[in-house]
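Please keep the sequence and the model in view while reading.

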Amino acid sequence: MSAVLRVRDLRVSYGGFEAVKGVSFDLAPGRALGVVGESGSGKSTLAASLLRLTEGADVTGEITVAGTDVRTAPEPELRRLRGGRIAMVFQDPLSSLDPYLRVGDQIAEVYRVHTGASRKAARAKAVEVLDRVGVPDAERRARAHPHEFSGGMRQRALIAMALALEPRVLVADEPTTALDVTVQAQILALLTDLRAETGMALLLVSHDFGVIAGSADEVLVLHGGEAVEHGPVSEVLREPKASYTRELLAAVPRIDSPRPARPARRGEPLLRVTDLRRDFVSGPPLRRRTIPAVDGVTFDVRRGETLGVVGESGSGKSTLARLVVRLLEPTSGKIEFDGHDLSGMPERRLRRLRRDLQMVFQDPGSSLNPRRPVGESVADPLRVQGEPAPAKAARALLARVGLDPARYDDHPHEFSGGQRQRIGIARALALRPRLLVCDEPVTALDVSTQAAILTLLADLQDELDLTLIFVSHDLAVVRQVSDRVAVMRDGRIVELADTDTVFDSPAHAYTRSLLKAVPVLDPAAVRGP
Amino acid sequence: MIWFLLRRVGAAVVVLLALSAIVYALFYLTPGDPAVLACGRGCNAERLAQTQQKLGLDDPIYVQYWHFLEGLVVGRDYSAGPDVDHCAAPCLGYSFQTDQPVTAMLMERLPVSASLAFGAEAMALLLGVSAGLLSALRRGRPAERILTAVTLLGYSTPVFLIGLVLLLVFCAYLQWLPFPAYVSLTRNPGEWARNLVLPWLALALIQAAVYARITRAGALETLVEDHVRTFRAYGLRERQVIGRHALRGALAPLVTLTAVEVAQVMTAAVLTETMFGLPGVGKLTVESVNSVDLPVVVGVTVLAGTVVVLANTVADLLHAAADPRARPA
């Protein structure tokens, strides 16, 4: 069948910088092409240029959608094209809908603009497509505002908006990156179903090889704006030709391969948490509700081991991390650290213990003060605790985490994401803590950077005899780093066991459903071309 | 929603009570005997004692304040012997210099000030929002530079200078407009507007400059938001994208700002009214301060406070109405 989307020697540049350098491909109706690449590879620019959403960019080459030249189409033609023949679903469903308007009205508006349908017909259409993408009770939910929808439901609503116009091509730019694995699996299944049902072609952009492997027929690997590899998914996975593809695949944390065995840790635990609970109160007076974010959690962490904590959003894992280092006050329960009960300890006495309890945060971009030189940020905890020569020690720490100590006076925005996380780790290590709590430390990073940070953490752990609590939603990452794993759901630990036990013979049904939802990189599991 | 409303109104009442108490204490604890001031020229010991009794100044301060609050709710009588002056609720006090209840004096001038303030505010919003939007949409082009220069000029020029220039140009040289004299809206709407257009403009220019800057910043921010991109990607015209999806977000901070600016407008109105000779509350304030007519000053202050608190409460409610996320569950 002839291609519904044809791209030839596409080049997109901003100013003098070329983000996409001569990419060509065809996409036939009903087929799915995965575009995979790390940040800065030009994959989002490529996706945006297909709808001419690249404002201020210089675009050359050919883009033809269902016979229309996107690059030269006059404005009215372009508007009919956008949504009508090629629709786009964006990465962040939280911000991609208008917060002020009802979800159904937004879909109806787009439908009316393209079809000129009556208000009533458009509203009926909105309910119909919302129902089709699996929004329960669509009639009623169409009248809700976006903030009343969960992340997964918002992404369904955006897909519904696209679906209403029955486009020939759907461009999905990281459609599941912001979502939990179980929700991700549902959205990907929905996209596959819709493709089979409507004959729509799908261009799926993702940084996650696993997502592409399960949902695309072909894959195009982008690196520095160039297509370094292009072929059927199973072939690329089995025998990657480009060296970059091989590196990328090697860096992906594998849920199916265990971390090299470490000697089991015995002896007195460093941290013992008993029946820990933290409530949040919300709602209007008289109807105030108490929501337990952490609901009676008991576990211990042995000296020198890594305890992985996995869970989906809202499971209470971040609250737990904050409770352990007493950034949050527990509602009840006990936190014993090296024999001291931290719960209810006055801040003045706690301060001396704080040096032993440090935390690495998810977003190194926002957890470092943007107006302070990074060296000063690393030296700050040393100053607070009255250590001698903080600046000198900070330089040594920067060197230890693999950064040039000469960059002491640079500011956070001058570093890459991975480098910033290294700075965050240096700051956490400044006081030589005994327990390091890492809350999603590699979530914001590319896979190759992720691998480097995980190696750094492992080296530091051996060298400094650190005890780690590693909180993440990413099961593959947790498998790579943990000795034992706790699975959290709705504020409780549903399963706590050795890593291999949890991943290979999970006892709890929820753990099994989580594991099933994770996309795998197994070429045998991929549907044939 | 009902709880939200009750809480806001409750808070407003508490703020107003605190405000009136502070104002009352400030004015009646300052040195100088209000009775001497009220008793006026040709005062002797007997008349002074009489005035003191009539004004209730022989009572302790908290009893006086209580009477003041009582007067607000049910009205009160000022009496010394057979001489009774009734002051109906809401009674803000009694001016013995002019021999009138303060409330009546304020009510008489309020339409003038309200005409001035609402008209100027409407004009400021119209000018400010259009200038702000235009400069956001024409970012980096000459139109934006000119608008930025004009708004900065408007913001930094004092209202009395703008007023004088306007009077000189339009009334003295061009003679397109009469020298402003207040004509009631109900009597002749055309004359009302023709007389007020210059005071409106003088007062609006400063406000418009602030609104323009805020609108421009808000619009620049929302124009690059993800949901705006969504509707662009679904083939809406730029006009529809801006009108339906960007404007609301850009103007949301303006609602709050307008309420805060009410206090600013009232201050500027004092100057404007004096300059254009309009018999409004601002002019009354200046007169009563000059003649140390304390009850009037207290009344004006309480009225001004009420307007500010009211404006902020309305802004909160409007904000909740405009933004579904700000609505309590």
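Helices and strands are here DSSP runs, helices of at least four residues and strands of at least two, and both are numbered from the N terminus. Counted in this way, the secondary structure of chain B comprises 12 helices and four strands. The model is a predicted one, and its scores are ipTM 0.77 and pTM 0.78. For chain B the average pLDDT is 83, and 95% of the residues reach a score of at least 70.

The overall form of chain B may be considered next. Its C-alpha atoms fill a box of roughly 85 × 60 × 35 Å along the principal axes. The domain assignment divides chain B into domain 1, residues 34-91, and domain 2, residues 103-326. The centres of domain 1 and domain 2 of chain B, taken over C-alpha atoms, are separated by 39 Å. Of the 329 residues in chain B, 37% count as buried.

One pair of helices shows how parts of chain B meet. Helix α5 of chain B, residues 102-137, packs with helix α11 of chain B, residues 281-290, at an angle of about 130°, and their axes are 7 Å apart. Angles from 65 to 115 degrees count as roughly perpendicular and those over 145 as roughly antiparallel; α5(B) and α11(B) are therefore oblique to each other. On the side of α5(B), the contact is made by B:Met105, B:Leu106, B:Arg109, B:Leu110 and B:Ser113, while α11(B) supplies B:Val281, B:Gly282 and B:Leu284. Sorted by class, this contact of α5(B) with α11(B) has five nonpolar residues, two polar residues and one charged residue.

Attention now turns to the other chain. How many residues does the contact take from chain B and from chain A? Chain B gives 19 residues and chain A gives 26 residues. On the side of chain B that touches chain A, the elements giving two or more residues are α9 (226-233) and α10 (238-276) of chain B. The largest share of that side, six residues, comes from α9(B). By class, the residues of chain B on the side that touches chain A divide into seven nonpolar, four polar and eight charged.

Note on methods:
Residues are numbered from 1 along each chain as its sequence is written. Chains are lettered from A and ligands numbered from 1 in the order in which they are written. This is a predicted model: local features need pLDDT of at least 70, side-chain atom pairs count only at pLDDT 80 or more; totals for chains, interfaces and linings use all residues. Axes are lines fitted to C-alpha atoms, for helices over the stretch in contact, and angles run from 0 to 180 degrees between N-to-C directions. Angles under 35 degrees count as roughly parallel, over 145 as roughly antiparallel, 65 to 115 as roughly perpendicular and the rest as oblique. Two residues are in contact if their C-beta atoms, placed from the backbone, lie within 7 Å. Ala, Val, Leu, Ile, Met, Phe, Trp, Tyr, Cys and Pro count as nonpolar, Asp, Glu, Lys and Arg as charged, and the others, Gly among them, as polar. Domain bounds come from an automatic or database domain assignment. pLDDT is the predictor's confidence in each residue, from 0 to 100. A residue is buried if 20 or more other C-beta atoms lie within 10 Å of its own, exposed if 12 or fewer, and partly exposed in between; C-beta atoms are placed from the backbone.
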